[in-house]
Amino acid sequence: MENDDICMDVFSRLPIETLLGLKCVCKRWHGIVSDRSFVQDLSQRPEPLVGFFFQERYQWAGEDIRTISFIPARMENTQLKQTIFSFLPEDVVVLGSCNGLVCCRSVFPSPFPSIIICNPSNKQWIRLQKTRPDKESSYGLAFNPDRDMANFKVVRVIQAQIDMDDDDDDDDDSYFSFEIYSSQAGAWRKSKEVCQCNDKLFKNKGVFAGGKLHWLTDEDRVLSFDVENELSWLISSPFPTTHFTVIPEMCIGESGGRLHYIMISEDGLHVWALEDYYDSNWSLVHTATLEALEEENSQLLINTRERVLQRASIDSMPWIDPLAFKDGLLLMRVSTKIMLYCIETKKMKELCKVSQLGRNCIFGPLVIPYSMTLAPLT
């Protein structure tokens, strides 16, 4: 028993990736790493980002692309993987990830589409009952293992039109409604909360930070939903896009428990952290001009400002596109390369070529940050 306590103390300091290997060494170590109290203690520590799920989408076709690539978030020895979800009973589309759990849906077309919650670390999964997902709705996954390792919630966001009289001058003629699945109740229910808004949701859907889920919209705003209190509101972006000559590119992400807003424009890279939800108060935590980025990473960037300014319209491909942000690391596409940028060191690393991710990875790919957990689903 004393030896087990020593092992648990040592194991608790190791990354989950290492612990998964130790489970295969012997039955005793497998028992320690699988022990529920050990996993619960492990859940109290923040787990670092290990990589990004990257899934292509057809620009116009209604069918889904089945291949999911995993891009490790390493500054060296990056090797793509495409078998992370091979343990699932069907091909899926990744909808979101939160603290090690991943929310997926069946690829379309499918005769019996469903939503699956899985843990790629221990290869466990469950299928949500009485669920008929569609391609129009957006989803978010909320999972707080340090507070409750046994339960999670899935939020479905649906946009619908408001029935209005002709003499009503209200500009917002559509609204978002919310449906919530609780693993504790094992069922869906419709929230009473609605949010009047004409914006469309795009990119980085369902970012969980500070107990709230966030969706970036196409109108310089972020839709936020408090999962526990079931309250929603719209957060103004930290800087209007109309200020720029060329349309900037944005994404949102989480770092240090706070929502972050990332913008790349002719003025450079800017990263803001949300300080106050109700006043849409942001603080600038990182900035770098395009010239400074190029000087710091001269082997990877050249004539960056000129190339950014060459974008003619919103339908044309931007030279630099921020794809996802997590724990101070920004994944972005720079021309035909996928780069990882660390805001602390200001260093950039090429992770892979765009061509390695498929033929349809330029316009609107699904990019989801992922960290690991040993939390059981069964």
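Guide: What follows is a conversation about the terms applied to this predicted model.

Visitor: Why is Asp199 called buried?

Guide: The term buried is kept for residues under 20% relative accessible area. Asp199 has a relative accessibility of 4%, and therefore it counts as buried.

Visitor: How do you know that Asp199 forms a salt bridge with Arg221?

Guide: A salt bridge requires a side-chain nitrogen of Lys or Arg within 4 Å of a carboxyl oxygen of Asp or Glu. The closest N and O atoms of Asp199 and Arg221 are 2.9 Å apart, so the pair meets the rule. Asp199 lies in the loop between β10 and β11, while Arg221 lies in strand β13, so the pair ties together parts that are 22 residues apart in sequence.

Visitor: Is Arg221 buried or partly exposed?

Guide: Arg221 has a relative accessible area of 23%.

Visitor: What makes the pair Asp327 and Lys326 a salt bridge?

Guide: The side chains of Asp327 and Lys326 meet at 4.0 Å, N to O. The rule asks for a distance within 4 Å, and the pair is counted as a salt bridge. Salt bridges that share partners also join Asp64, Arg105 and Lys135 into one network. By this rule the count comes to 19 salt bridges.

Visitor: Which terms describe the accessibility of Lys326 and of Asp327?

Guide: Lys326 has a relative accessibility of 15%, which is under 20%, and so Lys326 counts as buried. Asp327, with a relative accessible area of 32%, is partly exposed.

Visitor: Where does Lys326 stand with regard to the second largest pocket?

Guide: The second largest pocket holds about 720 Å³ of space. It is lined by 42 residues, and those closest to its centre are Cys98, Asn99, Glu254, Lys326 and Ser371.

Visitor: Which strand gives the most to the lining of the second largest pocket, and what classes of residue make up that lining?

Guide: Strand β23 gives the most, with 5 residues. Among the elements that each supply at least two residues are α4 (36–42), β3 (92–98) and β23 (366–371). By class, the lining of the second largest pocket has 19 nonpolar, 16 polar and 7 charged residues.

Visitor: How far is Ser371 from Ile16 in sequence and in space?

Guide: Ile16 and Ser371 are 355 residues apart in sequence, yet their C-alpha atoms are 9.5 Å apart in space. Ile16 has its place in helix α2 (residues 16–22).

Visitor: What makes Ile16 a buried residue, and which residues does it touch?

Guide: The relative accessible area of Ile16 is 4%, under the limit of 20%, and therefore Ile16 is buried. Leaving aside residues up to four places away in sequence, Ile16 touches Leu42, Arg45, Glu47, Met372, Thr373 and Leu374. Two of these partners, Arg45 and Glu47, meet in a salt bridge of their own at 2.6 Å, N to O. Arg45 is partly exposed, with a relative accessible area of 23%.

Visitor: How do you know that Thr131 makes a polar contact with Trp188?

Guide: A polar contact needs a pair of N or O atoms within 3.5 Å. The side chains of Thr131 and Trp188 come to 2.8 Å, and the pair is therefore counted as a polar contact. The side chain of Thr131 also reaches the backbone oxygen of Gln129 at 3.1 Å. Thr131 lies in the loop between β6 (124–127) and β7 (138–142), and at 10% relative accessibility Thr131 counts as buried.

Visitor: Why is a space called a cavity rather than a pocket?

Guide: In a cavity the probe fits but cannot get out, whereas a pocket is an open set of points. The count comes to 2 cavities of 30 Å³ or more. The largest cavity has a volume of about 90 Å³, and its lining has 8 nonpolar, 1 polar and 3 charged residues. Trp319 and Arg311 are among the residues of that lining.

Visitor: What is the volume of the second largest cavity, and which classes of residue line it?

Guide: The second largest cavity has a volume of about 30 Å³. Its lining has 8 nonpolar, no polar and 1 charged residues. Arg333 belongs to that lining, and since Arg counts as charged, Arg333 is a charged member.

Methods
Residues numbered from 1 in each chain as written. Predicted model: local features only at pLDDT ≥ 70, side-chain atom pairs only at ≥ 80, totals over all residues. Heavy atoms only, no water. 1 Å grid on protein atoms, 1.4 Å probe; cavity = no way out; pocket = protein on both sides within 12 Å on 5 of 7 lines; lining within 4 Å. Points joined across faces, edges and corners; volume = space filled by probe spheres on them. Helix = DSSP H or I, 4+ residues; strand = E, 2+ residues; numbered from the N terminus. Buried < 20%, exposed > 50% of the residue type's maximum accessible area, 1.4 Å probe, protein only. Contact = heavy atoms within 4.5 Å. Polar contact = N/O pair within 3.5 Å; in protein donor to acceptor, adjacent residues only side chain to side chain.
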